[in-house]
Amino acid sequence: MVQFNSVSMVYPGGNKALDDIDFRIRKGEFVFIVGASGSGKSTIIKLVLKEISPAKGMVRVMGNDLASVNSKGIPYIRRQIGTVFQDFRLLKDRSVYENIAFAMRVVEASTRDIKIRVPELLSMVGLSNKENCLPQELSGGEQQRVALARALANRPSMILADEPTGNLDPANSMEIMKLLERVNQQGTTVLVVTHDNEIVNQMRKRVITLNRGILISDNEESGYSNEF
Amino acid sequence: MSFKAFSYSVKQGLLSIKRNKMFSLASVGTMVACLFMLGVFLAILINFRNIVNSAESTITISVYFNKDTTPEQIAQIGRDISARKEVANVTYKSADDAWKEFASQYYSNNEDLLASFGDENPLGESDSYMVTLKSMADQENITNYLNNITGVRYVNSPQSTMESLQRLNAIISVSSISLIVILLLVSVFLISNTVVVAISVRKEEIAIMRLIGATDHFIRGPFIVEGMVIGFVGALLPLGLLFGLYEVLLKLVNDDISQMASWLMLMSPGKVFIILAPVCLALGVGIGMAGSLITVHRHLKV
């Protein structure tokens, strides 16, 4: 699903964000990428979404070597990845329903499909009664659930969550994690970037740990028993 | 682009105009001003060209004869001139006709003064041919030819008038086109500014669209539509205004001024606007599209 082969990334100014990183995430896996601020977590997300290109090495996403994907092909790769962010990134002038439908309109889904899919997703994240609310009328946890519903709207093969619990209290954080776990159980690969060790320890999933751009541990072989 | 993406672009483009009402209005306003000026210059240009063309077809060369030239010789000269391929028409005007025409033009209100001439014809030596050419470009050649005919006393060729008209036509054309180009550049710049504002207002939405997997066309479409709609409305309004003003001017010029200067006849609105309307609309929409395209290429790297 995602493969990093000897990937290094240097930002303009000489700041080395990743140094010779190797890992592989298989279809259906649930993986955390953890590390302190500046460890290179966000760079991994940007590389997977091809917002940036590596200085060295190869990044493969869903079988595509991203170096060979041109600018016209990028949107089609991104359509297979649902993204969730710490700051939710919802459109404040549109209702909960419209925010989710927006993701489907962008990929030119039919109105009929939108009418079926959006209520399904709202029910799944437990917000059926909030479809006409504006994002600012919802709590942080609810907004993140809308963001997750939007990420799932186009039935992606993978969910990429960048600090999804960063702005949430422990109860809401756990609720989001449970939802992600449910999505994963239905076959969607989940990659969560976080520095929330509490969550990571509770979930007992595969954890890739970064420190200053270097991969320092990956508990893939040890049955996810390592504590972060 | 699919129909769905097209209708989305149109809807979002119109919505964006509504959201950025003030900037859109400012853009439409400047477009109206620019295209109005452009329309005025174009209307002047179209009419002036028409005046020059009709002047060309009405200006004639007059050929006068020596006192001793016989009527037979004059008739032969007439046949020779008519035979020239550059000549469109040759009309003979006798000295008597010339005097009658002159008298009716200048002495119609002064019978006493006219009577004082008695039977004498002051224009007694003014038998002439009025020669009309197919093209004024041949004027110099024909004038030289006429001057060299034996029996011809004087050739009155309005060469300097034509040259002045053509020079004025060139000056008006060049200055109008220069002004039009400047106005077009100003309009492109203004539309571009409006689109920059629209992009910054929708920055967050665009970022989300990129992450969700929207294609280039899908993201850029609404901005292109926005520019085109501003351009279209910005062209439609001055066209309406120009049409109204032209009708008023037409009435004024053709009813009053042309009594004094018969050459100053404005073309009918239909003839002017069949050129002006498509040019203005195409320019308006084109400027809108160009302004948006330049801006989205610079500011929306997907």
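Before the opening stop, a word on helix pairs: axes are lines fitted to C-alpha atoms, for helices over the stretch in contact, and angles run from 0 to 180 degrees between N-to-C directions. Helices (H or I, at least four residues) and strands (E, at least two) are DSSP runs, numbered from the N terminus. This is a predicted model, in which local features need pLDDT of at least 70 and side-chain atom pairs count only at pLDDT 80 or more, while totals for chains, interfaces and linings use all residues. Residues are numbered from 1 along each chain as its sequence is written, chains are lettered from A and ligands numbered from 1 in the order in which they are written, and side-chain values use heavy atoms, with hydrogens and water left out.

**Chain B: a helix pair**

Select residues 21-58 and 269-299 of chain B. These are helices α2 and α10, which pack at an angle of about 150° with their axes 10 Å apart. Their crossing is right-handed; the rule is that a crossing is left-handed if the near helix is turned anticlockwise from the far one by less than a right angle, and right-handed if clockwise.

Now show the side chains where the two meet. From α2(B) come B:Met31, B:Leu35, B:Leu38, B:Gly39, B:Leu42, B:Ala43, B:Ile46 and B:Asn47, and they meet B:Val272, B:Ile275, B:Leu276, B:Val279, B:Cys280, B:Leu283, B:Gly284 and B:Ile287 of α10(B). Contact here means heavy atoms within 4.5 Å. Sorted by type, the residues of this contact divide into 13 nonpolar, 3 polar and no charged. In that sorting Ala, Val, Leu, Ile, Met, Phe, Trp, Tyr, Cys and Pro count as nonpolar, Asp, Glu, Lys and Arg as charged, and the others, Gly among them, as polar.

Stay in α10 of chain B and centre on B:Ile287. Why does B:Ile287 count as buried? Its relative accessible area is 5%, and buried means under 20%, exposed over 50% and partly exposed in between (1.4 Å probe, protein chains only). Not counting residues up to four places away in sequence, B:Ile287 touches B:Met31, B:Leu184, B:Ser187, B:Val188 and B:Ile191. Draw a C-alpha to C-alpha distance from B:Ile287 to B:Met31: they are 256 residues apart in sequence and 9.2 Å apart in space.

Next, pick helix α3 of chain B, residues 71-83.

Colour B:Ile74, B:Ile77, B:Gly78 and B:Ile81, the buried residues of α3(B). They cover an arc of only 105° around the axis, so they sit on the same side of α3(B); the arc is that of the directions from the helix axis to the C-beta atoms. What do these buried residues pack against? Their partners in chain B are β1 (60-65), β2 (87-93), β3 (128-133) and α6 (139-147). Turn to the face away from the buried side, and you will find the exposed residues B:Glu72, B:Arg79 and B:Ala83.

One more helix in this chain is α8, residues 203-212, with B:Glu205, B:Ile206, B:Ile208, B:Met209, B:Leu211 and B:Ile212 buried. Just after α8(B), B:Gly213 takes a positive phi of about 110°.

**Chain A: helices**

Move to chain A and select helix α3, residues 96-106. Here 9 of the 11 residues are buried, so this helix is largely enclosed by the rest of the structure. Among the buried ones are A:Tyr97, A:Asn99 and A:Phe102.

A:Arg145 is your next pick, in helix α5 (residues 140-152) of chain A. At 11% relative accessibility, A:Arg145 is buried. Leaving aside neighbours within four places in sequence, A:Arg145 is in contact with A:Val125, A:Gly126, A:Leu127, A:Glu175, A:Ile176 and A:Leu179.

**Chain A: positive phi**

Most residues other than glycine have a negative phi. A:Asp20, in strand β2 (residues 15-25) of chain A, has phi near 55° and is partly exposed at 41% relative accessibility. Finish at A:Met62, in the loop between β4 (56-61) and β5 (64-65) of chain A. A:Met62 has a positive phi of about 50° and is buried, with a relative accessible area of 18%.
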